[in-house]
Amino acid sequence: MSEATRSTPPLLALVVDDEPEIRRFLRTGLEMRGFRVVEAPTAREAIELAVMRAPDLVVLDLGLPDADGASVLAELRSWSKVAVIVLSVRSSEAEKVALLEAGADDYIVKPFGMAELLARAGVVLRRVATRSAPAPVLRVGGLTLDLAQRIVSRDGVVLTLSPKQFALLRALAAHHGLVLTHRQLMRELWPHDPDEDVQYLRILMKKLRNRIEPDPARPIYVVTELAVGYRLRTQEQFDAAGYAMAMP
């Protein structure tokens with residue numbers, strides 16, 4: 001078979017969870033999306049498989065029998081940039097922030113839907129593949145962000161943003177679909193004073209939403225991860241959230 005006709009091999013996902021039912025659920029959903037899947041019920045096996053098989057995606061549960069999943073994340077990040085989505089029944093905002101800042105690409109609280117996980121997996125895989133500036137033009141529902149021209153429009157109407165509002169939107173676009181913690185955004189927006197009061201960020205976000213959201217009280221483009229940070233939805237996440245039919 002020639003190079004031109006040889007197909008790209010499917011991506012490999014490593015599922016790390018000590019519950020067989022959860023592993024089976026994840027395997028079924030990931031394989032339906034075209035992934036190859038390997039499973040690990042323990043932290044030790046997870047590290048061994050990560051080293052031997054070099055997966056493209058790791059879906060990592062925190063409650064493992066031989067170690068906390070956070071230690072697996074730390075080990076992976078010491079030598080790998082593999083996409084990692086953390087799963088957990090724990091919903092502590094402080095823990096979410098700590099894991100995201102320790103290198104997790106995303107965090108999903110159990111129980112969760114397969115559509116949500118697959119949408120987030122697609123986002124983190126694209127981010128890991130590029131690890132660079134966002135696409136020059138992003139479209140989510142009726143919102144269009146042209147980074148090169150510094151033009152933001154909604155439903156074809158150009159919106160006026162202040163330089164700081166645009167900087168906030170651009171920072172979110174650079175991690176399109178992923179949650180950015182308050183601290184990460186503060187460092188991006190106020191690099192010389194990253195410990196500035198987070199209330200300034202909240203005020204800036206409110207002003208941005210007043211510009212870009214159809215209903216700022218019910219944001220559909222930039223969503224809040226409670227006590228953690230913010231996420232600019234991708235089109236896939238936007239559709240999965242049920243907003244597609246609401247758009248013209």
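This is a predicted model: local features need pLDDT of at least 70, side-chain atom pairs count only at pLDDT 80 or more; totals for chains, interfaces and linings use all residues.
Entry 1. Why is β3 largely enclosed by the rest of the structure? I checked residues 57-61. Five of the five are buried, so the strand is largely enclosed. Buried here means under 20% relative accessible area.

**Entry 2. The partners of β3.** I looked up which strands pair with β3. One is β1, residues 12-16, which pairs with β3 in the parallel sense over four bridges. In that pairing I found Leu 14 opposite Val 58 of β3. Another is β4, residues 83-88; five bridges join β4 to β3, and the two run parallel.

Entry 3. I then asked which helix belongs with β3 and β4 in a β-α-β unit. The helix is α3, residues 69-77, and the unit is right-handed.

**Entry 4. The largest nonpolar core.** I turned to the nonpolar cores. The largest has 30 residues. Val 152, Leu 168, Leu 169, Leu 172 and Ile 212 have the most contacts inside it. I listed the elements that give two or more residues to this core: β6 (137-140), β7 (143-146), α6 (163-173), α7 (182-189), α8 (198-212) and β12 (229-232). The largest share, six residues, comes from α6.

**Entry 5. Val 152.** I left aside neighbours within four places in sequence. Val 152 is then in contact with Leu 143, Thr 144, Leu 145, Val 157, Val 158, Leu 159, Leu 161, Phe 166, Leu 169 and Ile 212.

**Entry 6. A second core.** I also found a second, separate core of 23 residues. Leu 60 is included, along with Ala 40, Val 86 and Tyr 107.

Entry 7. The largest cavity holds about 50 Å³ of space. I wrote down its lining: Leu 138, Arg 139, Val 140, Leu 143, Thr 144, Leu 145, Leu 169, His 176 and Leu 232. β6 and β7 each supply at least two residues of this lining. Leu 169 lines the cavity; Leu 169 is also among the residues with the most contacts inside the largest core.

How values were computed:
Residues are numbered from 1 along each chain as its sequence is written. Side-chain values use heavy atoms; hydrogens and water are left out. Buried means under 20% relative accessible area, exposed over 50%, partly exposed in between (1.4 Å probe, protein chains only). Two strands pair if DSSP finds at least two bridges between them. A crossover is right-handed if, with the strands pointing away from the viewer, the path from the first strand over the helix to the second runs clockwise. A nonpolar core is a set of buried Ala, Val, Leu, Ile, Met, Phe, Trp, Tyr and Cys residues joined through side-chain atoms within 4.5 Å. Contact means heavy atoms within 4.5 Å. On a 1 Å grid over the protein atoms alone, a cavity is a set of points where a 1.4 Å probe fits but cannot get out, and a pocket is an open set with protein on both sides within 12 Å along at least five of seven lines; lining residues have an atom within 4 Å of a point. Grid points are joined across faces, edges and corners, and a volume is the space filled by probe spheres set on the points.
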